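Dear colleague,

Please find the structure below. My notes on what was found in it follow directly after.

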Amino acid sequence: MITENFRILEVNLSTERSAIKNVPGVETVLGGSGLAAKLHLEYSRPGLAWDDPSQPLIFAIGPLTGFFPLMSKTVCAFTSPLHGQYAESHAGARSALALRFAGIDALVVIGKAERPTVLHLGANVIEFMEAGYLWGKDALTTGKLLRRILKGSGHRTIMRIGPAGENKSAMACINVDTYRHFGRLGGGGVMGAKNLKAIAIEGNNALELPAGKEYANLFVDIYRKLTDTDMMRKYHNLGTASNLEALNELKALPWRNLQATSDPGIEGITGERFADDTLLRNAACAGCPVGCIHIGFVREKFHKDNQYLYRQVGYDYEPIFATGSMLGLTHAPDVLTVMDEVEKAGLDVMSGGVALAWATEALEKGVVTQEQTGIDLRFGDAQGYMRAVHMLGGAVNDFWRTLAGGTTAAAARYGGGDFACVLGQEMAGYATGEVFYVAQGLGLRHSHLDTGAYTYDQSKAPKDVDKALAFLLEDERERVILTSMVACLFARKVYDPETLRQCLTVLGGQALADGLDDAAARIQKLRWQARAAGGYDPMNVRIPKRFLEVETWKGRTDPQYLEELRLAYAGAIREMCGQGDVKPA
Amino acid sequence: MKHLVASRMERCIGCHSCSLACARLVHKCLSWENAGIRIQSSGGLSTGFTAKLCLVCDPAPCAAACPTGSLKQRKGGGVTQNKKLCIQCGKCAAACPVDAIAQDRQGNPYVCIHCGSCVEFCPHDCLEMREAEG
């Protein structure tokens, strides 16, 4: 049910004290993205370093979380180790429902634990558990041990970091319930800086529902659309991995550090290949009947006498791009194996894969030496990458420590900036053209999900800066409503504005429903203001030379269109930032 | 008399739609715990998920343990529940050999009454209503 105020749990790791706060703003910022930006503006200290103990780590859900299917995501917000500014990363698994049933709209973690700690929360528990014995453990082992230690199987979330997070890597993810992640922009590093190995949240409370049949009927309508139509088929069938073949066909799939955009090796890593040869089962986020999580299976002979070990690895389009085509790996089991090591290290798979691709080309070109890397890397060599993943996660020497701060930081030190595939952060797997490069390069989260720019590139839209700009701004505004609810973006066709209004109204949120359009514009600005508070100037973002050399089905990148769009979008962002006006609405 | 069987749990994706449906439709609340069927990871070698629900005992130890008659033996196995008689003593949950009865924080028990409301919300037909054998 829609409440008058947000219920926020503030946990201070330094003092081991907590507070429940009633925070106003439900009608103005809704929840999720809006709430996260609002809280970050209130809690963060822009003048201080990202790893200052006072900086907040925020997890926010929205007004529809748990009440409707696919309202199953959590927004994590923090000051990014990558750029020192506001960052959002989104994940599902059981995180959203666990927060909902713990009875809070957001968790704000401040301070720094004296020793490695597990924060154990629930509707009636706030516990700081000494966890020195978990420090150094990989993300999967940490999950296994905590599942044994804590009660509440099935109805809790365990968000934890691996060695990359402990090393405060800007590429460290927060692993959520094994197969989902707050992947991007270094949330894992923020936990590491706080000595916070894991957050376990028990969802052990129930909530009221509206009286009457209206709610249950609306639920069924939406549920049927999601399960009885073909709308979601793409996601549970081959899953996002189906895009590999399509993008390779379009010459838009990055290969070997984006030195090519198409390769016959695609045969070994298509969505169908993964499904036919490796797919073990599907899984779902709690509250989502779609089940888009694809878990692949790979076995490995470790002794000549037919002794095998096996790995179960969640795969998707992006992880396959990052550890497959980008690294020149064309054998699905090899890709899964490298991916599994990335999971253990607790790295964001996209950033990790793209960074390794840069390191490989840098070695090839003599920009860095094997003496510096401590390992030879070659495109297509899975064994090398399996080791390199842990060198990156472990920040084992000067080179890897520098690279853990981001490919741009490494290129600034060693050279090779021209071929650093970085668009604000390490690129997502879309070499689709100018609109995507600008969108990820300048976008709030530097995510392929900020807008549907890669789809826009694939449309027949003309090279028109005004039209492209209008698309970017409008699409972001539409998505920000969904990420404030917090919906899975796969459900964006089901949750059109009218449906969202019905959902809010049936839960007693008539005012929210009526003000949805205004809220969208307000939250869009608010997030940019949160970003600007950290000193973001979109005019300073440059698109590396490698992206100008890309050749897709449309031909070469058009440098003039790219530059004009970059300037136009940067100008629009500056306007939304309010030129220094950083107070929340 | 039909009863609920989680006969194809190897298909389960862990979405909790069944538990949420039970809570929503039978117990009129939003919960994944206050429900007659609850899902958890199976862990270990048997990957995937398991369902915790009433296995239609006859005689049912939970009904035998209930001091007030809130839970009564159901024809064909399992129990019927009269919530008004419950004193939240927890004897039923303790008596269930397969941990199929959940208690909320107030001590109220949640047990499957084999109404079948959850069945249509399983996206992979893991659940079915089956006639009692014999």
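In chain A, helix H10 (residues 271-278) and helix H12 (residues 332-345) have axes that come within 10 Å and cross at roughly 85 degrees; axes are lines fitted to C-alpha atoms, for helices over the stretch in contact, and angles run from 0 to 180 degrees between N-to-C directions. H10(A) and H12(A) are therefore roughly perpendicular to each other, a term covering 65 to 115 degrees. H10(A) contributes Arg273(A), Phe274(A), Asp277(A) and Thr278(A) to the contact, and H12(A) contributes Ala332(A), Pro333(A) and Leu336(A); residues are in contact if their C-beta atoms, placed from the backbone, lie within 7 Å. Four of these residues are nonpolar, one is polar and two are charged.

The model is predicted: local features need pLDDT of at least 70 and side-chain atom pairs pLDDT 80 or more, whereas totals for chains, interfaces and linings use all residues. Residues are numbered from 1 along each chain as its sequence is written, while chains are lettered from A and ligands numbered from 1 in the order in which they are written.

Chain A also holds an open sheet of six strands, ordered S8-S7-S12-S9-S10-S11, with mixed pairing. Helices (H or I, at least four residues) and strands (E, at least two) are DSSP runs, numbered from the N terminus, and two strands pair if DSSP finds at least two bridges between them. Strands S8 (125-130) and S11 (180-182) of chain A are the edges, each pairing on one side only. From one strand to the next, the twist averages 20 degrees.

Strand S7 (residues 117-122) of chain A runs antiparallel to S8(A), joined by six bridges, and Leu121(A) stands opposite Ile126(A) in S8(A).

Yours sincerely

Technical notes. Parallel < 35°, antiparallel > 145°, perpendicular 65-115°, else oblique. Contact = placed C-beta atoms within 7 Å. Nonpolar A, V, L, I, M, F, W, Y, C, P; charged D, E, K, R; others polar.
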